[in-house]
Amino acid sequence: MTRTSSARTSVRSRSAYDGFPEHIRPSMTLVLQQLVLGVLIGGLYGLAAAGLSLIFGVMKVLNVAHGELIMLGGYGAFWLFALSGLDPFAALVVVIPVALVAGAILYWGLFGWVVRSHEETRIKNSLLIGFGLGLALHAAAVLLWTADERSITTAYAGSVLDVGGVSVPLVRLASLVIAFLLIGGLHLLLDHWRWGRAIRATADDWEAALMTGIDVRRAYLVAFAIGTALAGAAGTLVSVGYSISPSIGLEWTLKALIVIVLAGLGSMLGTFAGGLILGVAEACSAMVFGGPYREVVGLVIFLIVLVARPQGLFAK
Amino acid sequence: MLHVDSVEASYGAFLALSGVTLEIRAGEIVALLGPNGAGKTTLIRCIAGLLRPRAGEIRWDGASLAGVAAHRIVERGIAVVPEGRRLFATMTVEEHLDLGAFAPHAHAGRAERLEEIYAIFPILRERKRQLVRALSGGQQQMVAISRALMAAPRLLVLDEPSLGLAPRIVESILGVLGEINRRGVSILLVEQNVQAALVLAHRGYVLESGRIAGEGTGAALMNDPHVKRAYLGPLALRL
């Protein structure tokens, strides 16, 4: 079943649609192929959004450098692979703890100051800090790794699973499964771990959490560290199934924001589902309107959800 | 046990408390009365560490609470049942009770305390897996009180626990406060239901426009025509 394929555009049926531009030729296989690819990237959108959603929901702070943290996670895995040949999936075991610590440091150094201010000014201050941090991380990444696009090419990078003519790249499938496991794990942590519950209480009503004896600042720190760790994990998966460059940060922050608006706050599994929906919607619009419109659909969804259901699809 | 000493507090330019002094001794139930806007909730926020007094001092066991973080105040033995209950919308009854014992000191004996609470409020045991928003107002108030009790407080502060509840429910909740007090927990009770509060309380204070305008035993306050007329407003007609 598994074989290596390079350029493989799966256009098979050539009947009544011959002569139509390729991107609107509705071959069933092509449609399924695009949907599958949409789901695969959607899992990463969900994972990217989960970290940002957690931080935003708990701290009421928007870290627009989240995409840059994803980018750094990708380079972390890239470095480990290039320098020591560590498998990118195994690299998660290194990247996640390192990102956890990096998140704690970022909280102590930057975002911990923001939460001292009044709730309404938090967002504004966090935007300023986030943009500054994003620019700095972008510049640092260019210095360290140049502006070239890179991806991790493992020995099994080209392996695909062929399901009735639809190719499922194994690396991306593994990434989807890992993204799901990480989000499921986060869901369990928030439900059952002592500090997970403290984080949920803080997200809901931080004053009531304080009166319950919860160290709210500590809950912020834990949430920020976990959110950053998820960004690191997402970056690693992006670098292995897709590609990274120092400038991907903003794009990933935007995707994450769209998913958060789509899914709403408060449910990690909902966020994952929101990611899948965005991935599929992008794939559909690329098929119907052509590749260049892939990015537009997210923004359209963004607007529709804001107007029709501002709390998001899965908000509790 | 708790000494509030000439406390001044303000929201921006608005002076909400000016020179409030009161005391709660071990084992007491103290009622805090007064019209809306008198500063009762402000005083509670000061005691809970959510608002820092501009002047004056709050002492607990003789030590100042100035600069003690709000969650540490819970650890020292003061638990607050906030106005409007402030329950966590996405959590079950059981999760609230578990979180109530979040502070390290409360964590150890939480199993026994949970049993005690279920004995006081048997309905909560039946409803323990339900989200709090599925509960009635009275049951939600029981959850709020229980969450505070899970912190093993020596002083329980309640801000208008009867707000919006049916009279029969209020009676049973106030009755439970008496029971809790007999188990050794001191109580500071802010109540609109003046008569019920004064029957329950050993002593009471009347707060008006951010000042203490009267104090005395429950019976004395209830019979003080000046207090009735001047500070309890229309409610005094019911006394």
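**Close-up 1. P292(A), an exposed residue of chain A.** P292(A) belongs to the loop between α10 (268-289) and α11 (294-308) of chain A, where helices are DSSP runs of H or I of at least four residues and strands are runs of E of at least two, numbered from the N terminus. A separation of 37 Å lies between the C-alpha atoms of P292(A) and T121(A), which are 171 residues apart along the chain.

**Close-up 2. K60(A), a residue with positive phi.** The phi of K60(A), a residue other than glycine, is near 55°. K60(A) sits in the loop between α1 (28-59) and α2 (66-84) of chain A. K60(A) is partly exposed, since it has 17 C-beta neighbours inside 10 Å. Most residues other than glycine have a negative phi.

**Close-up 3. S6(B) in strand β1 of chain B.** Strand β1 spans residues 2-11 and contains S6(B). The phi of S6(B) is also positive, near 50°. With 13 other C-beta atoms within 10 Å, S6(B) is partly exposed.

**Close-up 4. The contact between chains A and B.** Chain B contributes 22 residues and chain A 16 residues, contact being defined by C-beta atoms, placed from the backbone, within 7 Å. On the side of chain B that touches chain A, α2 (70-75) and α3 (93-100) of chain B each provide at least two residues. That side of chain B comprises 14 nonpolar, three polar and five charged residues; Ala, Val, Leu, Ile, Met, Phe, Trp, Tyr, Cys and Pro count as nonpolar, Asp, Glu, Lys and Arg as charged, and the others, Gly among them, as polar.

Residues are numbered from 1 along each chain as its sequence is written, and chains are lettered from A and ligands numbered from 1 in the order in which they are written. Local features of the predicted model need pLDDT of at least 70 and side-chain atom pairs count only at pLDDT 80 or more, whereas totals for chains, interfaces and linings use all residues.

Definitions and conventions. Contact = placed C-beta atoms within 7 Å. Buried ≥ 20, exposed ≤ 12 C-beta atoms within 10 Å, placed from the backbone.
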